[in-house]
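This report describes strands, cores and pockets in turn. The sequence and model are shown first.

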Amino acid sequence: QTAMEGEPGPVGVVVPYPMLIETALFDSGPYGACAVPFDALAFDRALGILGDGRLRVGIYAGVGCMDYGDSLTKVAELLQAPVATSVSGKGVMDECHPLAVGWGYGAHATRTAELAFQKVDVVLAIGVKYSEVSTGFYSIPPHRHHIHVDANAANLGQVVSPSVCVHSDAGVFLSKLLENEARLSRPACRPLTEAIARHKEAEAKEYARCYAAHGVDPMHFVLALRRATACDALTFTDVTVVEHLAAAAYQVSRPRTYFNPVDNQAMGWSIPAALGAQAVMPGRQVVTITGDGCLLMSAMELSTAAREGLPVKFFVLDDAAYTYMQILQKSAYRRTTATQLARLDYASLAKGLGLTHIELTPGDLEAKIRGILAMHGPVLTTVPVDIGKRPIRWIEAVRGRYTRELSTGQKVRFAARIGVRSIKLFKEND
């Protein structure tokens, strides 16, 4: 019950070891329904702002809305509000909806979301924590009004100073808004949806550009994987630079189908997470987008897939480097340290662990991925990738935010070091 109340989440139970040899007869009786928070006074204040038809509203939805997608969509249509999500919130609303703008709403987010929210007066944030990763190191643009709604009172106002904090379950809050339809209803805003469509089209063209000099462009892989998988496939991304490409370009239409280790950024988590998902949902497609560095953290768990007959399709992005670290280090230090990985014989690894191995080569990626998905049992697919100079909005935003927070002395030291290393040759990796 504790796990399900307020903000749902795991609960650690510590059992002192002497109790493991004790016996007891215990009957708790039936538990009551979980408490559902709702602050009526704060809701009325929020309703007053949202009911002002002169103010343009944008909705920022998180995982707290995951079970209330229909209500969220109706509220968005009622308010004619663009809807952005956190990374964990992808899927709370069909990302193909005319009002859906992708994830985030600042410089770190999709360009569509950033542009749409530049015209917003009120941000209505529902079921989001504003965590570091989902905000691009807190790269959050200011707005005239900010309404923060969350089932966990500890999350309210911790990162952004809101005009109104509403301690409420997301589902209750959304249903109460729908009860006030007459007060909130706005006429269809065709210029808004047309602008969103234009921005999405421009982004799609950028995603389609090839930046790879050799191997597979990882963005092209992400797009091909999305086209090849079922709409209800369970997709697990890992802690690679490609997680930010996937967050932007991998369109999600169903709730609880896209998973990313946002808060703790635990490398290698996608493999055991996918195994658990496949065991619980044996009839669903389950895929991972895992980096070669991430694979080093949990590769032996692949043996569990073979032993248990779990047909997870593991896609490993292989460039023999901690590319994420390289990108961050090069910009700050003009060199990299301890980022190169030893080459693995993936075919032998897969054979030894009892998996089929495939290497995905450039050209007709979608058809090749469909063939892999149709194969029986678990498959380890290596994807030789080259990210080239593809821009990563999340990294650029974080770099800008970090730089702004440096002291003058720190900026001088960084600039001097970069200047020297820009003209003096160093090994690519030391």
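Val57 stands opposite Val122 in E4. This is a predicted model, in which local features need pLDDT of at least 70, side-chain atom pairs count only at pLDDT 80 or more, and totals for chains, interfaces and linings use all residues. Residues are numbered from 1 along each chain as its sequence is written, and side-chain values use heavy atoms, with hydrogens and water left out.

Strands (E, at least two residues) and helices (H or I, at least four) are DSSP runs numbered from the N terminus. Strand E1 (residues 57–61) pairs with strand E4 (residues 122–126) in the parallel sense over five bridges; two strands count as paired if DSSP finds at least two bridges between them. E1 also pairs with strand E2 (residues 83–85), again in the parallel sense, over three bridges. Ala61 stands opposite Thr85 in E2.

Five of the five residues of E1 are buried, where buried means under 20% relative accessible area, exposed over 50% and partly exposed in between, with a 1.4 Å probe and protein chains only. Val57, Ile59 and Ala61 cover one side, while Gly58 and Tyr60 lie on the other.

## A six-strand sheet

An open sheet of six strands runs in the order E8-E7-E9-E10-E12-E11 with parallel pairing. E8 and strand E11 (356–359) are at the edges with a single partner strand each, so one side of each has no neighbour in the sheet. Strand E7 (residues 234–237) pairs with E8 in the parallel sense over two bridges, and Phe236 has Phe259 in E8 as its bridge partner.

## Nonpolar cores

A nonpolar core is a set of buried Ala, Val, Leu, Ile, Met, Phe, Trp, Tyr and Cys residues joined through side-chain atoms within 4.5 Å. The largest has 50 residues, and those with the most contacts inside it are Ile59, Leu72, Leu124, Ile126, Ile147 and Leu177. Helix H1 (residues 40–50) contributes the largest share of this core, six residues. Leaving aside residues up to four places away in sequence, the contacts of Ile147 include Ala46, Ile49 and Leu50, as well as Val122 and Leu124; contact means heavy atoms within 4.5 Å. A second, separate core of 41 residues includes Phe315, Val383, Ile395 and Val398.

## Pockets

A pocket is an open set of points on a 1 Å grid over the protein atoms alone, where a 1.4 Å probe fits, with protein on both sides within 12 Å along at least five of seven lines; lining residues have an atom within 4 Å of a point. A volume is the space filled by probe spheres set on the points, which are joined across faces, edges and corners.

| Largest | about 1300 Å³ | Glu7, Pro8, Val63, Gly64 and Arg256 |

The lining of the largest pocket has 22 nonpolar, 14 polar and eight charged residues. In this classification Ala, Val, Leu, Ile, Met, Phe, Trp, Tyr, Cys and Pro are nonpolar, Asp, Glu, Lys and Arg are charged, and the others, Gly among them, are polar. For the second largest pocket the lining divides into 26 nonpolar, eight polar and six charged residues, and H12 gives the most to this lining, with seven residues.
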